[in-house]
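Reader: I'd like to learn how to read a structure like this. Could you walk me through it?

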Amino acid sequence: MKFFPILFLIAFAFAQEQKSDADKRAELLGTVNVSRVHSLDEVKGTYKSPRRAMFMSLIVPGSGQFYVGGQPRYIRGAFYLAEEIALITGLYYHSMYKYDKQVKKYQRFAKAHFDIGRYEEAMKGITVFEENRDAFQMNYGSERENYCKAIYGPSAIGSDSKCVDFRYSMDFYNIYNNGSFYDAPAFYRTIANENFVLGWEDTEFNTNAENAISEDEYAKLGESKNFNSYISMRKRATDLADRQAIFLGAIIVNHIVSAIDAALSAKAHNNSLYEEKLSFMDRLRLNNNFTAGENFRAETGIVYVF
């Protein structure tokens, strides 16, 4: 029994020594504030799905950024959405509205200055003096089938078609013309060929063409300012139509870039939920391999043991 007081004194002295060492380490390290690491249950409702954010922005650019939240992401989301609206507006205005307007313009011009009867009569007049009609048909009738089909329909074409053959086309026109077209776009496309130049009201016939035709050679049948204007109008419409591919390509790129940015934003947001936010000095102390025991106090009141 006499040994118990001695053992008690030894244990007390050892505890005091340990406490003194702990106090010394506390004085050396100071207080280190460690932010609390939240669990999934604790952050339920704040976690943002990268997949959901990506698909949202893939459908509507900017919506994924709004879903993730945060001022920088709101700004980027607004930018992607504004860019989408601008591109769609440009697509409609240039490739649809202005294109349709230009198409109607050159169609009205053709109706006012191109006459089918004038063209048929002029071509038949040349054929009368042409001994080699097969060669003439081959040189100047390459678009005849498309031309006849556009005006009268599929029934007007064939190997024995009276419309396709220049010798009978005028008679065919007088019988079947009703002032309307079976396929108007195809008709306006066909008469853009220079072989139909004689149908324009201001055409000046090329007098050298008859000599060339008699020698079984191809020659331009005439010159027309109206025909040249018509070609320019159609080229303008084609240029407007080509812009459609540019706008569509830009819209697709905007969707993809916005989707990738939204997914990365969601991932960065989620990572920030679990990071331990340590000051520079805190990290420096920890990297020096100090054993701090219970001297690291969390801001939330939770004690972390390292």
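Reader: Let's start with glutamine 137: does it count as buried or exposed?

Author: Keep in mind that this is a predicted model. Buried means under 20% relative accessible area. Glutamine 137 comes out at 19%, so it counts as buried. You'll find it in helix H6, which covers residues 133–140.

Reader: What does the side chain of glutamine 137 reach?

Author: Look for backbone atoms here. The side chain reaches the backbone oxygen of valine 164 at 2.7 Å. That side chain also reaches the backbone nitrogen of phenylalanine 166, at 3.3 Å.

Reader: And which residues is glutamine 137 in contact with, leaving aside neighbours within four places in sequence?

Author: Those are Ser142, Arg144, Val164, Asp165 and Phe166. Phe166 takes us to helix H8, residues 166–176, where it is buried along with Ser169, Met170, Phe172 and Tyr173.

Reader: Why do the buried residues of H8 line one face of the helix?

Author: Seen down the axis of H8, they fall within an arc of 165°, so they line one face. Here's the general idea: an α-helix has 3.6 residues a turn, so residues three or four places apart point the same way.

Reader: Which exposed residues does the face of H8 turned away from its buried side carry?

Author: Asn174 and Ile175 are the exposed residues there.

Reader: How much of the whole chain is buried?

Author: Of its 306 residues, 35% count as buried. The chain has 12 helices and 4 strands.

Technical notes. Residues numbered from 1 in each chain as written. Predicted model: local features only at pLDDT ≥ 70, side-chain atom pairs only at ≥ 80, totals over all residues. Heavy atoms only, no water. Helix = DSSP H or I, 4+ residues; strand = E, 2+ residues; numbered from the N terminus. Buried < 20%, exposed > 50% of the residue type's maximum accessible area, 1.4 Å probe, protein only. Polar contact = N/O pair within 3.5 Å; in protein donor to acceptor, adjacent residues only side chain to side chain. Contact = heavy atoms within 4.5 Å. Arc of directions from axis to C-beta.
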